[in-house]
Amino acid sequence: MDSAAVILMLIAGLHASWHAIVKTGRSLSVLAGMGLVSAVVTLPFLFFVPVPSSEVWLVLLLSLFLHAAYKVSLALAYQGSELSKAYPLARGLVPLFATPLSCILLLQLPKPMQLAGIVVTVCGAVGLAIGPKRSIFHIRTLFAAVGASAMVAGYSVVDALGTRGPSGWLSFTAWVIVLDSLSFLAVARSIRGPLIWAEVRGAIWTTLAAGILGVSSFAVLLWALSRNPVASVVAFRECSVVFATLIGVLMLKEHGSYRKFLSITLVVIGLILVASSN
């Protein structure tokens, strides 16, 4: 990864903070509300970027489905689960799905050092999510989180294709943010019914903050995907699990342990390997 992408992805890793906002509220409604904020912020850009070509529209439609499925899975994973457990589990498996997908669809084979970094990062992220005891609740969370990981891997590869299309990354980014935000709002409305509007209004300021954080970090992700190997980008994006764990322990008063901080160390080592690989 180039140095600019490394620096911006580290900053974008703070998008874990909007996950904390989602976790502490009505997850589905907050996700829908922050999407609405993202659409309003991004909508003016549509007047200054090219309209996607016909082949890019096919990529856009697939991306919209994967993004919606990810958000529903994420909301389910957050029901009754600690942020410092659910978030690393939802993100930790992403490189395992994204690496083979990028090899098959984009012909991007990670170099040995990158692959080693990806493996170490995944081990650290999954280690953050593993609890000391098994329960039905953990199994239910596992299925939702694995589904979220698979969807993130899928949309990362699909969005990488879109950003490298003839319309350019900025055009694809603007269109996918607006269309994804509005389509998921429709999905959330169908699930929650009219109650969704009251839930969004009840958390207006936190939803606004989450929306701005979300759209900023996602734009950085698509920019990085347009110019770097997908597997390395999604692995480096796991720096957010470090922030999520620290937010969960320090701000949400979730349980901390030596195992968590050992896992954070593994994530950091993995990120260094990915960033330093040439």
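A: Let us begin with exposure: a residue is called buried under 20% relative accessible area, exposed over 50%, and partly exposed in between, using a 1.4 Å probe and protein chains only. L208 counts as partly exposed because its relative accessibility is 34%, and L208 lies in helix α11, where helices (H or I, at least four residues) and strands (E, at least two) are DSSP runs numbered from the N terminus. This is a predicted model, in which local features need pLDDT of at least 70 and side-chain atom pairs count only at pLDDT 80 or more, whereas totals for chains, interfaces and linings use all residues. Residues are numbered from 1 along each chain as its sequence is written, and side-chain values use heavy atoms, with hydrogens and water left out.

Q: Which residues form a nonpolar patch on the surface?
A: Patches are made of residues with over 30% relative accessible area and no salt bridge, like charges being joined within 9 Å and nonpolar side chains (Val, Leu, Ile, Met, Phe, Trp, Tyr) within 5 Å; accessible areas come from the Shrake-Rupley method with a 1.4 Å probe, and for residues only the protein chains shown count as cover. Here V41, I204, W205, L208 and I212 form such a patch, with about 500 Å² of accessible area together, and helix α11 (residues 204-225) provides the largest share of the patch, 4 residues.

Q: Which residues touch the most other members of the largest nonpolar core?
A: A nonpolar core is a set of buried Ala, Val, Leu, Ile, Met, Phe, Trp, Tyr and Cys residues joined through side-chain atoms within 4.5 Å. The largest one holds 58 residues, of which Y155, F172, V176, F218, L225, V230 and V241 touch the most other members. Helix α8 (residues 136-163) gives the most to this core, with 9 residues. A second, separate core of 12 residues includes L28, F184, L185 and A210.

Q: Is S156 buried or exposed, and what does S156 touch?
A: S156, which is found in helix α8, counts as buried because its relative accessibility is 0%. Taking contact to mean heavy atoms within 4.5 Å, and not counting residues up to four places away in sequence, S156 touches L225, V230 and V234. S156 and A231 are 75 residues apart in sequence and 9.1 Å apart in space, C-alpha to C-alpha.

Q: Which residue forms a salt bridge with D180?
A: A salt bridge is a side-chain nitrogen of Lys or Arg within 4 Å of a carboxyl oxygen of Asp or Glu. The structure holds 1 salt bridge, in which D180 pairs with K71, the closest N and O atoms being 2.8 Å apart. D180 lies in helix α9 and K71 in helix α4 (residues 54-77), so the pair ties together parts that are 109 residues apart in sequence. Both D180 and K71 are buried.
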